[in-house]
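Keep your viewer open and try each task before you read its solution.

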Amino acid sequence: MNIQNPELIKRLGTFPNLYTLVPVLTSYGLIPADFSRGVVGEPAILRLIAEEFTRLIDFSEVDVVAGIDLSGDPECSS
Amino acid sequence: MAAAKTKHDRALKLEELGAKVTGVAVLIYGEYHVDRFKEKYQDVFDSQAWFDKSGIDLSYLVTWKELADLQLKHGTIEKDFNEIVREALHWDAWEDDGEGYLTKMVRCFNNHNVPMPDYVTDYYISKGIDLGKL
C-alpha cells in the first residue's frame with residue numbers, strides 16, 4: 001500500500017458500502033462484487049488522495065494531466 | 001487498471017493527438033488473474049505485455065485486495081464478504097465451481113440477504129451450473 005496518511009487509511013477502511021455485493025457483468029463474465037465510485041465523490045477524501053499522489057509523482061515533470069476514466073473497465077467507463 | 005486494456009486504448013488515442021503518455025495514476029490497482037483461461041483472455045495478456053514494455057510509469061495508492069483487507073481490519077466488512085471481494089477480480093474464479101468460489105458466493109449472498117438476480121441464475125444455467133444446488 002502506497003498510502004502514508006493515517007487519516008486516509010482510516011477513511012478508506014471505514015467507508016461504508018465501498019464494496020458492494022452485487023453481480024457485475026463485465027466483458028469477461030460475471031464478478032460478484034463491485035467498487036463504489038462514491039469514495040472519490042467525497043471532497044475530503046479526494047483531497048487526501050490528491051495529496052498522496054503529489055508525494056508519489058513529480059508533477060513538475062508533467063506537461064498535461066489528463067483524466068482517463070473512473071474505472072478501467074470499458075463496460076463501466078464514463 | 002483493468003489489465004491495462006482501457007489504458008492501452010486511451011494511450012493510443014492520446015498518441016494520435018500528438019501526446020505521449022508517460023505515467024498513469026490510479027487509486028486502486030486491480031490485480032487480475034486469469035491463468036486458467038489464458039486463451040480466452042489473450043487480449044488481457046497482450047495488453048498487459050504492452051503496458052509492461054511501454055515504459056509508462058504506474059502509480060497507485062492501494063491494491064484491490066489491500067483495500068478489501070483494510071475494510072476487514074476496520075470491521076466494515078465481514079470475513080466471508082472479504083473473501084469474495086478478494087477474489088472478485090479473478091475472473092476465472094467465477095467460471096465454474098472448481099475452486100469452490102461459486103459456493104462461497106451463494107452462501108455470502110444468502111448470509112447478507114442479497115437476492116440472487118434472475119440474470120445471474122440464468123447466466124450460470126447457460127453454463128450448466130445450477131446455483132440452487134451448490
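## Exercise 1: two asparagines in loops

A:Asn17 sits in the loop that joins α1 and β1 of chain A, with helices (H or I, at least four residues) and strands (E, at least two) taken as DSSP runs numbered from the N terminus. This is a predicted model, in which local features need pLDDT of at least 70 and side-chain atom pairs count only at pLDDT 80 or more, while totals for chains, interfaces and linings use all residues. Residues are numbered from 1 along each chain as its sequence is written, chains are lettered from A and ligands numbered from 1 in the order in which they are written, and side-chain values use heavy atoms, with hydrogens and water left out.

**Task.** Find the phi of A:Asn17 and decide whether A:Asn17 is buried or exposed.

**Solution.** 
1. Phi of A:Asn17 is near 55°, a positive value in a residue other than glycine.
2. A:Asn17 has 58% relative accessibility, so it counts as exposed (buried is under 20% relative accessible area, exposed over 50%, partly exposed in between; 1.4 Å probe, protein chains only).

## Exercise 2: chain A and a glutamate

**Solution.** 
1. Of its 78 residues, 40% count as buried.
2. A:Glu52 lies in helix α2 of chain A, residues 43-56.

## Exercise 3: the interface

**Task.** Describe the interface of chain B and chain A: how many residues are in contact, and what area is buried?

**Solution.** 
1. On the chain B side 43 residues are in contact with 40 residues of chain A.
2. The buried area is about 3600 Å², with 74% from carbon and sulfur atoms; this is the accessible area (1.4 Å probe) that two parts lose on being put together, summed over both.
3. In chain B, B:Leu27, B:Leu61 and B:Gln71 lose the most area to chain A, together 18% of what that side buries.
4. Between the chains there are zero salt bridges (a side-chain nitrogen of Lys or Arg within 4 Å of a carboxyl oxygen of Asp or Glu).

## Exercise 4: helix α3 of chain B

**Task.** Which residues of α3(B) are buried, and what do they pack against?

**Solution.** 
1. The buried residues are B:Trp64, B:Lys65, B:Leu67, B:Ala68, B:Leu70 and B:Gln71.
2. In chain A, they pack against α1 (6-14), β1 (19-20) and β4 (34-35).
3. Within chain B, their partners are β1, β2 and α4.
4. Just after α3(B), B:Gly75 takes a positive phi of about 75°.

Terms used: Contact = heavy atoms within 4.5 Å.
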